[in-house]
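Colleague: I would like to learn how to read a structure file feature by feature. Please give me the general idea each time, then the case at hand.

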Amino acid sequence: MSTSVDVVVLGLGPGGEDLATRLAGAGLDVAGVEAELVGGECPYWGCIPSKMMIRAAGSLAEGRRIHQLAGAAEVHPDFAPVARRIRDDATDDWDDAVAAERLTDAGVRLLRGRGRITGPSQIRVDDQVLEVSQAIVLATGTEPVVPPVDGLADLPYWTNRGALKNTKTPESLLVLGGGAIGLELAQMYARFGSSVTVVEGADRLLAVEEPEAGDLLVDVLARDGVTACLGVHAEQATHDGARF
């Protein structure tokens with residue numbers, strides 16, 4: 001089946017969703033193609049739930065300090081209600097029905113699946129063919145890269161998705177990579193009581209940002225109990241069924 005449209009936006013993360021909505025609002029016939037969740041990584045697997053968890057952990061940690069100053073028994077942050085809130089309130093259990101409805105209400109045709117460019121002005125999504133008159137926008141985003149560490153590929157490691165969907169605080173956590181999401185997860189889990197180490201191959205955290213930011217974060221994260229190993233690479237990984 002073939003359909004004619006003005007614009008196709010491949011990928012409906014924050015950028016693609018915003019662009020598709022704006023173009024539809026300008027009167028264009030827009031089709032948006034998404035293989036996963038409308039809204040992309042940020043609202044479901046990235047900066048929004050991670051910041052909610054950091055904030056909750058910070059509030060709980062402050063409450064613990066107040067109890068300690070008052071001489072009361074130590075209070076440990078409870079991860080379970082925070083994980084439950086991320087599932088129930090923040091992500092609708094990783095269901096994008098609200099975001100999808102918002103998109104279609106704005107006039108965008110939503111196609112579920114993976115789009116392929118099959119001609120100069122043609123996109124195929126499964127058995128649907130879109131003939132495009134004005135523009136094809138590539139907004140397909142990224143996926144976590146699994147580093148080529150000996151033995152890692154066959155182990156039950158997490159990406160950011162597993163770390164945010166998890167419901168129990170691990171005793172310890174090793175974060176490979178000192179980028180923004182990795183550091184947010186490191187800080188959050190450390191505040192909930194995990195022993196956390198960040199391994200970064202560059203000589204500073206947030207290697208693509210200003211040097212001062214990375215230097216500052218080493219101190220900030222250390223106060224939360226995070227150990228940062230800079231300028232080193234993981235070489236081998238093993239798992240005994242319980243621990244890495």
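Colleague: Which residue is the bridge partner of V175 in strand 8?

Modeller: Strands here are DSSP runs of E of at least two residues, and helices are runs of H or I of at least four, numbered from the N terminus. Two strands pair if DSSP finds at least two bridges between them. In this predicted model, V175 has V198 of strand 8 as its bridge partner. Strand 7 and strand 8 (residues 195-200) run parallel and are joined by five bridges.

Colleague: What can be trusted in such a model, and how are residues counted?

Modeller: Residues are numbered from 1 along each chain as its sequence is written, and side-chain values use heavy atoms, leaving out hydrogens and water. Because the model is predicted, local features need pLDDT of at least 70 and side-chain atom pairs count only at pLDDT 80 or more, while totals for chains, interfaces and linings use all residues.

Colleague: What is the average pLDDT of the protein chain?

Modeller: pLDDT is the predictor's confidence in each residue, from 0 to 100. The protein chain averages 91, and 93% of the residues score at least 70. Where pLDDT is low, the predicted coordinates should not be read in detail.

Colleague: In what order do the three strands of the open sheet lie?

Modeller: The order is 7-8-9, with parallel pairing. Strand 7 (172-176) and strand 9 (226-230) are the edge strands, each pairing on one side only. Neighbouring strands are turned by 15° against each other on average, direction ignored. Axes are lines fitted to C-alpha atoms, for helices over the stretch in contact, and angles run from 0 to 180 degrees between N-to-C directions.

Colleague: Which helix lies across these strands?

Modeller: Contact means heavy atoms within 4.5 Å. Helix 7 (residues 180-191) lies across strand 7, strand 8 and strand 9, at about 165° to strand 8.

Colleague: Which residue just after helix 8 takes a positive phi?

Modeller: That is G225, with a phi of about 95°.

Colleague: How many disulfides does a search of the whole structure find?

Modeller: A disulfide is a covalent bond between the sulfur atoms of two cysteines; the test is a pair of cysteine sulfur atoms within 2.5 Å. The search finds one, joining C42 to C47 with S to S 2.2 Å. The link is right-handed, with 75° about the S-S bond.
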